[in-house]
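Subject: Structure handover

Hi,

Have it open while you read.

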Amino acid sequence: MLEDVTEFVVAPDYQVRSTTYDVLRPDSDRPIARFGRTEAMTGPNAVPFPVHTGPDLDVLAGTIIPGLAVGIDKRSIGYFKSEAIGFQSVGRNYTFHQEGLGTLPGKQLGADSNLLKRRGLRLLDTVDIATLAMNLHVRFESGDSRGFEVERRAGVSNRYRFLVHDPRVSRLLLLATFLLLEGERVDWRETLTSQARVFDPGSWFPRKKPRR
């Protein structure tokens with residue numbers, strides 16, 4: 001089940017009219033959870049993403065939006081925030097807060113972490129060169145929790161790897177964390193897929209309702 005896994009990867013699949021996110025164990029291509037969106041779930045009509053799990057991916061685990069997660073009992077699980085370190089820097093301050101677990105500040109790890117904080121990189125960020133050229137590796141922990149790690153390799157990779165060190169960390173809230181991180185970065189495959197809608201005749205005219 002989703003809340004038992006200690007390491008997983010979130011892998012997006014961009015299509016012309018929808019995007020599907022599969023949650024995978026490192027050693028398997030069989031999803032343990034799935035969520036996604038269609039054209040109707042974007043823009044001003046955006047709605048929460050239902051997350052389904054179970055052997056047939058038909059068990060509702062809860063709902064998420066970028067940075068927020070709600071359980072099946074409709075109660076908030078927590079939130080994730082990402083804020084710019086400075087005007088001229090592409091670095092970010094990350095905060096993960098889970099009800100009952102407290103706040104886990106994020107610390108950027110690896111050789112790229114100092115480069116991200118340097119001034120003068122903001123211009124690169126406007127064309128997304130910085131995020132393409134650098135790894136993302138952040139560790140979240142506090143004095144009361146060993147927390148978790150999230151990692152994305154440099155380049156055009158759109159896969160995010162999560163490693164959970166504290167079993168109390170909500171995997172649903174981690175998926176909400178992924179959505180916010182993914183939304184901050186321009187993914188060229190998603191951009192190209194979105195542009196492909198222009199050449200899809202079905203997007204030029206309203207769909208006719210089927211006759212009864």
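In this predicted model, the side chains of Asp166 and Ser145 make a polar contact of 2.6 Å. By polar contact I mean a pair of N or O atoms within 3.5 Å; within protein, one has to be able to donate a hydrogen and the other to accept it, and residues adjacent in sequence count only if both atoms are side-chain atoms.

Where do the two partners sit? Asp166 is in the loop between E12 and helix H4 (171-184), while Ser145 belongs to strand E11 (residues 145-152). Those labels are DSSP runs numbered from the N terminus, with helices (H or I) needing at least four residues and strands (E) at least two.

Asp166 counts as buried because its relative accessibility is 6%, and Ser145 is buried too, at 4%. The cut-offs are under 20% relative accessible area for buried and over 50% for exposed, with partly exposed in between (1.4 Å probe, protein chains only).

As for neighbours, leaving out residues up to four places away in sequence, Asp166 touches Leu101, Ser145, Arg146, Gly147 and Arg171. Touching, or contact, means heavy atoms within 4.5 Å. Ser145 and Val169 are 24 residues apart along the chain, and their C-alpha atoms are separated by 8.9 Å.

Next, some backbone angles. Most residues other than glycine have a negative phi. Leu57, in the loop between strand E4 (49-53) and strand E5 (59-65), has a positive phi of about 55°. Lys74 also has a positive value, near 75°; it lies in the loop between strand E6 (68-71) and strand E7 (76-84). Lys74 counts as exposed because its relative accessibility is 71%.

Now for confidence. The mean pLDDT (the predictor's confidence in each residue, from 0 to 100) is 79 for the protein, and 67% of the residues score at least 70. Strand E12 (residues 160-164) has the highest mean, 97, and helix H5 (residues 188-196) the lowest, 46. pLDDT stays under 50 over residues 119-127, with 16 contacts beyond four places in sequence, and over residues 188-207, with 29 such contacts.

Two notes on conventions. Residues are numbered from 1 along each chain as its sequence is written, and side-chain values use heavy atoms, without hydrogens or water. Local features need pLDDT of at least 70 and side-chain atom pairs 80 or more, whereas totals for chains, interfaces and linings use all residues.

Cheers
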